[in-house]
Amino acid sequence: MSMRVDIISIFPEYFAPLSVSLIGKARQKGLLDVRVHQLRDWTHDVHRTVDDTPYGGGPGMVMKPEPWSEAIDAVVGAAASPPRLVVPTPSGRPFTQRVALEYAGEPWLLFAPARYEGIDARVMAEYGSRLRLDEVSIGDYVLAGGEAAVLVMVEAVGRLLPGVLGNARSVADDSFAPGAMAALLEGPVYTKPPVWRGREVPPILLSGNHGAIARWRRDEALRRTAAHRPELLALLDPDLLDKRDRAV
Ligand code: 6GU
């Protein structure tokens, strides 16, 4: 089962990275069908206007509702199973690994990234009643537009699709993946040479003792989480902690 992703934007060229690396290969393999649309194709004036001044005053410009509704209607068409509509905005609900997993189970996502101060709120009111609509934020900072957020979300979702990652285990071990590693950050990794600039790879990783290696990795994950994200340790399910965890 492949996933379809449509993106409507005034900067279609922003999505060139989706032809590169893991996501580019997933598209070549037919696992992911990405279609990028120019919002201005649904304007009718010579200037191809997509924005106007905000009612009530204030800084910046607001995206007009008409091009968005025409674009969304054209992309969705008469589909029996319409896409999930994702509108990136810093005022949205947080995009997390849980949301990425949820999206990875959808057959069709439609992203509507805005520029300026955002899209006229009536567009979200209209499509929120017709489609499943999510307004999502990728973190507590402000981007100049939603395009970079769409790149982030497509990469996070795309790597979860069946057949995209060669090694399904690497998904299970992710930081923030559900399961025993829930809410633990991944620890350090090493490769050859065994000594580099006088620095050794931790000898346990060369020991061949898989039980001891798993224990060491979990300790390192606990230490890194305590150092970088102490608030996550407090959220860990106590039932998933063992005696040796508590000693770390
Ligand atoms: Cl989704 N959009 C914009 N413009 N800024 C953001 C964001 C999204 N998430 C965090 N900052």
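A residue is called buried if 20 or more other C-beta atoms lie within 10 Å of its own, exposed if 12 or fewer do, and partly exposed in between, with C-beta atoms placed from the backbone. Helices (H or I, at least four residues) and strands (E, at least two) are DSSP runs, numbered from the N terminus. Please keep in mind that this is a predicted model: local features need pLDDT of at least 70, side-chain atom pairs count only at pLDDT 80 or more, and totals for chains, interfaces and linings use all residues. Residues are numbered from 1 along each chain as its sequence is written.

**View 1. Strand 1 and its surroundings.** Strand 1 covers residues 3–9, and six of its seven residues are buried, so this strand is largely enclosed by the rest of the structure. Strand 1 runs parallel to strand 2 (residues 32–38), and seven bridges join them; strands count as paired if DSSP finds at least two bridges between them. Here Met3 stands opposite Leu32 in strand 2. Strand 1 also pairs in the parallel sense with strand 6 (residues 108–111), over four bridges, and Asp6 faces Leu110 there as its opposite number.

**View 2. A β-α-β unit.** Follow the chain from strand 1 through helix 1 (residues 21–28) to strand 2, and you trace a right-handed β-α-β unit. Right-handed means that, with the strands pointing away from the viewer, the path from the first strand over the helix to the second runs clockwise.

View 3. Five strands make up an open sheet with parallel pairing, in the order 2-1-6-5-7. Strand 2 and strand 7 (133–137) stand at the edges with a single partner strand each, so one side of each has no neighbour in the sheet. From one strand to the next, the twist averages 30 degrees. Strand 5 (residues 84–94) is joined to strand 6 by three bridges, and the two run parallel; Arg84 has Leu109 of strand 6 as its bridge partner. Helix 4 (residues 121–128) lies across strand 5 and strand 7, at about 135 degrees to strand 7. Such angles run from 0 to 180 degrees between N-to-C directions, and axes are lines fitted to C-alpha atoms, for helices over the stretch in contact.

**View 4. The largest nonpolar core.** A nonpolar core is a set of buried Ala, Val, Leu, Ile, Met, Phe, Trp, Tyr and Cys residues joined through C-beta atoms within 7 Å. The largest one has 41 residues, and Val86, Ala112, Met153 and Val154 have the most contacts inside it. Helix 5 (147–158) is among the elements that each supply at least two residues of this core, and helix 5 gives the most, with six residues. Leaving aside residues up to four places away in sequence, Met153 touches Val86, Phe95 and Ile138; contact requires C-beta atoms, placed from the backbone, within 7 Å.

View 5. Lys192 and Pro193 are joined by a cis peptide bond, with omega about 5 degrees, and Pro193 is found in the loop between helix 6 (169–172) and strand 8 (195–196). Arg48 is not a glycine, yet has a positive phi of about 55 degrees; Arg48 lies in the loop between strand 2 and strand 3 (51–52). With 14 other C-beta atoms within 10 Å, Arg48 is partly exposed. Arg197, also not a glycine, has a positive phi of about 50 degrees. Arg197 counts as exposed, with 5 C-beta neighbours inside 10 Å.

Conventions. Contact = placed C-beta atoms within 7 Å.
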